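New notebook page. I'm opening this model to jot down what I look up, one item at a time.

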Amino acid sequence: MSSKSHALSVSPGIPVATATGIPNGKLGMWVFLASEVMFFTGLIGAYIVLRLSHPSWPGPEHHLSVGIGTFNTLVLICSSTTIVLALAAAEHRSMKGVRLWLIATILLGLLFLGIKGWEYSAKFSHHIFPSTNVFWSCYYALTAFHALHVLGGIGFNLWVLGQTTTPALWVRHGHRLELAGLYWHFVDIVWIFLFPLLYLFS
Amino acid sequence: MKSAAVPSPKLYLIIWFWLAGLMLLGVLLSELPISKSAIVTIILLLSSIKAILVSLYYMHLKAGHRLLAVVLLAPLLLSGLAVALVLSSRLIRL
């Protein structure tokens, strides 16, 4: 195992030698994220093609608040920072810090989903549905799939938080905090591109 | 396990500052009375910088194994090529 990959591993257990020098779980997560890149590029690419080829793009027509979208983006950026601070706390063997930053990440993720849900309900109350026009079908498809990923990330973070309850669990599964962090950052990066595409360019 | 290879919390907070600042800069730019194509180009550039910052420092690609960068770059290049091919007819018309 290379010194670099070993240095970045937060696994409290005995390091396992691999052919690549990268822990299998970590490499697996990166390959999974690579497939997710393809998935979201397909969705975003379809949106761009529709946007550029549509003769009269309908747009959100003032039904999307840039202020709310900006705040929600800030929430997700903050959550990316809190989960990496949880990783830093694990490196410093501070279980209290790991729990604190993981809980903060989970709460921020829930806040993001809560705001997104509130936005959805506001649209529904104005009778704006995916079938309304091509913009809204794209908006719901892109944001709903992203929200599902946020929900999955929250579940993963909750599971990792559960591993902090006893030292024995943490020794066996603590390294997965890094994997949860990688997934969460990916979800953040996707939103970094979705926010301007949907809120600022439409 | 404490390691010098992992950035410090202070660096993580500096990155947060840049991420939030670049995001707010993009929002402010979108309100300026300049051409839409310029706004789109600049904001997409800002988004790319933010994504690179997250990848390098939060996902530790900067200090990580190079194979991980290859795993990430391969689908990005393929996806970029696919989107460019799909959009090529429009670009040629322009």
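Cysteines. I began with Cys138(A), which counts as buried because its relative accessibility is 9%, under the 20% cut-off. Keep in mind that this is a predicted model. Next I looked up Cys78(A), which comes out partly exposed, with a relative accessible area of 22%. I then checked for disulfides over all chains, and the count is zero.

Chain B by itself. I moved on to the fold of chain B and found three helices and zero strands. Reading along its sequence, I get the pattern α-α-α. I also looked up burial: 36% of the 94 residues of chain B count as buried. For contacts in chain B between residues at least 6 apart in sequence, I noted that 58% join residues at least 24 apart.

Chain B against chain A. How many residues of chain B are in contact with chain A? I got 46, and they touch 52 residues of chain A. The area buried between the two chains is about 4300 Å², and carbon and sulfur atoms give 80% of that. I then asked which elements give two or more residues to chain B's side: they are helix H1 (9-30), helix H2 (36-58) and helix H3 (66-93) of chain B. Sorting that side by class, I have 32 nonpolar, ten polar and four charged residues.

The rule finds zero salt bridges between chain B and chain A. For polar contacts between these chains, I wrote down five residue pairs, with both residues at pLDDT 80 or more.

Key:
Residues are numbered from 1 along each chain as its sequence is written. Chains are lettered from A and ligands numbered from 1 in the order in which they are written. This is a predicted model: local features need pLDDT of at least 70, side-chain atom pairs count only at pLDDT 80 or more; totals for chains, interfaces and linings use all residues. Side-chain values use heavy atoms; hydrogens and water are left out. Contact means heavy atoms within 4.5 Å. Buried area is the accessible area (1.4 Å probe) that two parts lose on being put together, summed over both. A salt bridge is a side-chain nitrogen of Lys or Arg within 4 Å of a carboxyl oxygen of Asp or Glu. A polar contact is a pair of N or O atoms within 3.5 Å; within protein, one must be able to donate a hydrogen and the other to accept it, and residues adjacent in sequence count only if both atoms are side-chain atoms. Helices (H or I, at least four residues) and strands (E, at least two) are DSSP runs, numbered from the N terminus. Ala, Val, Leu, Ile, Met, Phe, Trp, Tyr, Cys and Pro count as nonpolar, Asp, Glu, Lys and Arg as charged, and the others, Gly among them, as polar. A disulfide is a pair of cysteine sulfur atoms within 2.5 Å. Buried means under 20% relative accessible area, exposed over 50%, partly exposed in between (1.4 Å probe, protein chains only).
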